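Here's a quick walk through how this one is put together. Have the viewer open as you read.

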Amino acid sequence: MKALWEWLDSRTGIRHLAQEALMEKIPGGARWRYVWGSALTFCLAIQFITGVVLWAAYSPGAKSAWESVFYIQHEMAGGWFLRGLHHYTAQIMVVLLALHLMQVVIDGAYKAPREVNFWFGLALLVVTLGLALTGYLLPWDQKGYWATKVATNIAAITPVFGSQIERLIVGGSDYGNLTLTRFFALHAGILPGLIVVLVVGHIALFRRHGITAKKPFRKPDARFWPDQVLMDAVAALAVVFTVVALTLYFRGAELTAPADPSEPYSAARPEWYFLFLFQFLKYFPGGTEVWGAIIIPSLVLGVMALMPMLGQWKLGHRFNLLFLGAILLGAVVLTFEAKLQDARDPEYWKAVERAHRDSQRAVELAKSPTGIPEGGAALLLRRDPLTQGPRLFSQHCAGCHRFDGNDGLGNAVQEAASAPDLKGFGSREWLAGILNPEKVATAHYFGGTKFKDGKMVRFVQQKVAKYSDAKRADLAKVILAVSAEAALPAQAELDERDKLQIEEGRVLARDSVNCTDCHQFRKPDEDATAPDLTGWGSREWLVSIISNPAHTRFYGKRNDRMPAFAETGQLDAEKIGILADWLRGDWYRARAR
Amino acid sequence: MSSDTSPDALPRRCFVKEAAAVALGGAATLVPIVSGLVVWTDPLRSGSANGKASFSRITGLESLPADGVPRKFTVIADKQDAWTKTPNVPVGAIYLSRSAKGDVTAFQSICPHAGCFVEFRSAKNEFFCPCHNSSFFSDGSINDPRSPSPRPMDTLAVEVRGNEVWVRFETFQAGHREKIPTA
């Protein structure tokens with residue numbers, strides 16, 4: 001063993017190297033205040049290890065980035081944990097960077113002869129923030145997409161070369177495949193390479209000048225190994241403990257819905273450590289953003305770079321302390337202000353809630369048996385009735401109709417309804433309501449329409465109101481029969497159970513309740529004047545009436561307000577189908593596990 | 001690490017401190033390494049992405065003359081490629097032949113030697129692998145004692161359903177004497 005060691009040493013000089021690396025003298029002994037640099041180096045090691053493994057499963061493409069991150073997060077064993085480590089270590093690094101910077105400035109470690117090393121440190125700060133910024137976009141989810149758009153748009157207001165800089169970063173004029181490949185090259189190639197070079201330089205210079213020992217010395221001098229290494233190891237363990245705790249507490253890093261340029265995302269915010277810049281920008285009126293986004297931050301960085309020179313003056317060190325304190329305090333105040341403004345904004349919370357709902361739904365659909373289509377995960381939500389139905393209803397239908405008294409999205413509508421409430425349309429309850437003398441003329445049904453004095457209302461209020469018990473029993477069966485036409489998924493079991501009564505109801509609709517005096521029902525009837533009850537509430541029926549309510553099968557010339565959505569081109573066939581599915585409660589539901 | 005390299009009076013080395021530094025530092029470093037390894041080795045634990053091989057409809061009997069000559073067909077099936085699920089895409093190719101008696105045989109088109117795509121050379125009425133020159137008779141058996149292939153061409157389960165030929169498409173590990181499914 002010893003001979004092997006000797007041989008290795010004679011060929012590599014490893015003993016001298018180890019001596020050099022570990023036996024550095026620390027005047028005044030090891031101290032906790034020296035651990036920040038090592039803790040940051042350790043963070044960097046975590047990021048390299050976790051980053052490379054994430055890289056092995058990540059696919060930078062507009063139709064594969066979210067999808068592969070979903071796969072890491074939800075399909076690979078331990079993937080969510082690994083991604084959580086990477087995500088929260090990045091956050092811890094920002095905190096450690098601030099602490100390291102404060103320690104260096106407070107202890108005067110930036111002063112001659114350590115100027116160059118201080119600049120290396122500042123460069124490392126900037127590169128680390130660059131890694132944080134580029135990493136945020138890579139999952140290609142709504143949050144990263146919209147937050148990063150702000151950053152690249154800010155780059156575009158750089159004087160002189162702004163638009164060229166933006167094009168180079170984005171890889172063209174708009175976000176897409178090239179944006180991801182370029183961000184990924186920066187995040188996993190260029191910036192880590194740069195950081196390695198800078199860290200090597202930073203540590204080499206640090207060793208050249210030695211540690212800036214804090215006086216007074218309370219202990220005798222010591223060597224780096226093992227005293228300081230032990231403290232550094234404890235710090236590394238504390239870092240890991242914090243990161244693991246954050247990962248477990250938040251159950252890994254968030255993955256919001258797939259990026260979709262056609263879906264607004266009002267909950268977009270930068271990561272917390274960029275919030276102060278985000279807030280700062282709000283104070284610059286149109287046309288002056290360049291001051292808030294570029295000129296002032298550059299000046300601050302410039303002053304920091306000059307700190308070693310300023311520190312030479314008598315009061316320079318105090319100025320530096322004051323300056324750094326003011327910047328950090330300003331950042332804290334601005335961050336707090338940004339958080340406070342959001343906390344007090346109910347619209348923001350609504351947006352957050354919606355974002356959360358969309359994220360969960362996208363994951364649920366991606367896990368469904370149909371999985372992620374070739375066209376990418378963005379299609380999952382775009383085609384999902386549960387997600388799109390309420391939005392389409394609110395935009396196109398809620399001017400007249402209501403859904404459970406609101407606009408479909410849960411918002412109250414000021415004007416009175418001028419068309420029926422469609423919550424539960426097709427169900428037995430909905431039908432029972434319209435055939436109830438007390439309800440038929442309320443705003444829930446025909447109350448707001450021109451049919452409020454029409455034949456149907458008169459029929460219900462005058463005839464149905466006086467039904468005998470036997471006739472009422474017939475009507476109940478007719479309700480079952482007509483509602484069964486809708487074949488609602490939620491009613492499938494009931495329809496199957498009441499098969500015989502439904503059969504009876506179909507006959508009674510003709511013979512006893514006389515629906516067919518006006519309506520067509522399961523038999524062609526050219527004299528019918530009211531909407532067709534054959535297939536009433538079915539997907540086909542709903543698609544047809546939304547496409548053209550003025551068709552003779554429905555309201556004919558008596559339709560006075562509802563647009564023919566298909567024929568006027570207001571909605572395409574896919575959207576009409578989504579609306580019909582949503583009204584019928586027909587969407588994918590994950591089976592409870 | 002002896003005292004001759006440290007002229008200053010420095011505290012003696014302390015084994016407990018050294019052991020603690022190594023143990024704590026090692027423990028901290030193990031967390032990302034182990035988490036990374038768990039994820040890295042995920043493919044070892046998850047089975048075939050497509051689950052158990054199922055039968056796919058290949059062709060109608062009318063496209064398969066009863067002359068014993070192998071013909072190439074594309075296998076269309078649903079494919080789960082990591083995160084993407086695509087219905088009805090080509091997932092591979094097979095050779096089908098129908099004997100005069102009407103028996104249908106299916107061969108995997110992948111060479112059992114090293115996994116190249118085997119050609120059927122109709123002029124010689126034999127299967128030939130262009131990579132390492134394995135050759136097989138048209139019934140799939142090895143036709144050259146010095147053939148690099150360790151086993152005959154892999155047959156696949158066939159079902160004739162009415163007028164349609166259905167085949168259970170699966171792949172086998174190359175290089176073994178036995179047919180071992182890759183799934």
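This is a predicted model: local features need pLDDT of at least 70, side-chain atom pairs count only at pLDDT 80 or more; totals for chains, interfaces and linings use all residues.

## Before we start

Two residues are in contact here if their C-beta atoms, placed from the backbone, lie within 7 Å.

## The cores

Val239(A) turns up again in the largest nonpolar core, which has 78 residues. Along with Ala39(A), Cys43(A), Phe70(A), Ala236(A) and Ala377(A), Val239(A) is one of those that touch the most other members. Which helix gives the most to this core? That's α3 of chain A, residues 35-55, which puts in 11 residues.

There's also a second, separate core, this one of 44 residues. Ala398(A), Phe403(A), Ala486(A) and Trp536(A) are among its members.

## Where chain A meets chain B

How many residues does each chain bring to the contact? Chain A supplies 38 and chain B supplies 30. On the chain A side, the elements giving two or more residues are α3, α4 (65-75), α5 (79-106), β2 (222-223) and α10 (224-249). The largest share of that side comes from α10(A), with 10 residues.

Sorted by class, the side of chain A that touches chain B has 25 nonpolar residues, seven polar ones and six charged ones.

## α5 against α14

Now look at α5(A) and helix α14 of chain A (residues 316-343): they pack at an angle of about 160°, with their axes 10 Å apart. Angles over 145 degrees count as roughly antiparallel, so that's what α5(A) and α14(A) are to each other. Their crossing is left-handed.

From α5(A), Ala98(A), Met102(A), Val105(A) and Ile106(A) meet Asn320(A), Leu321(A), Leu324(A) and Leu328(A) of α14(A). The tally for this contact is seven nonpolar, one polar and no charged residues.

## α17 against α24

Another pair worth a look is helix α17 (residues 385-397) and helix α24 (residues 573-583), both of chain A. Their axes come within 8 Å and cross at roughly 105°, which means α17(A) is roughly perpendicular to α24(A).

On the α17(A) side you'll find Pro385(A), Leu386(A), Gln388(A), Gly389(A), Pro390(A), Leu392(A) and Phe393(A). They meet Lys575(A), Ile578(A), Leu579(A), Asp581(A) and Trp582(A) in α24(A). The contact of α17(A) with α24(A) divides into eight nonpolar, two polar and two charged residues.

How values were computed: Residues are numbered from 1 along each chain as its sequence is written. Chains are lettered from A and ligands numbered from 1 in the order in which they are written. A nonpolar core is a set of buried Ala, Val, Leu, Ile, Met, Phe, Trp, Tyr and Cys residues joined through C-beta atoms within 7 Å. A residue is buried if 20 or more other C-beta atoms lie within 10 Å of its own, exposed if 12 or fewer, and partly exposed in between; C-beta atoms are placed from the backbone. Helices (H or I, at least four residues) and strands (E, at least two) are DSSP runs, numbered from the N terminus. Ala, Val, Leu, Ile, Met, Phe, Trp, Tyr, Cys and Pro count as nonpolar, Asp, Glu, Lys and Arg as charged, and the others, Gly among them, as polar. Axes are lines fitted to C-alpha atoms, for helices over the stretch in contact, and angles run from 0 to 180 degrees between N-to-C directions. Angles under 35 degrees count as roughly parallel, over 145 as roughly antiparallel, 65 to 115 as roughly perpendicular and the rest as oblique. A crossing is left-handed if the near helix is turned anticlockwise from the far one by less than a right angle, and right-handed if clockwise.
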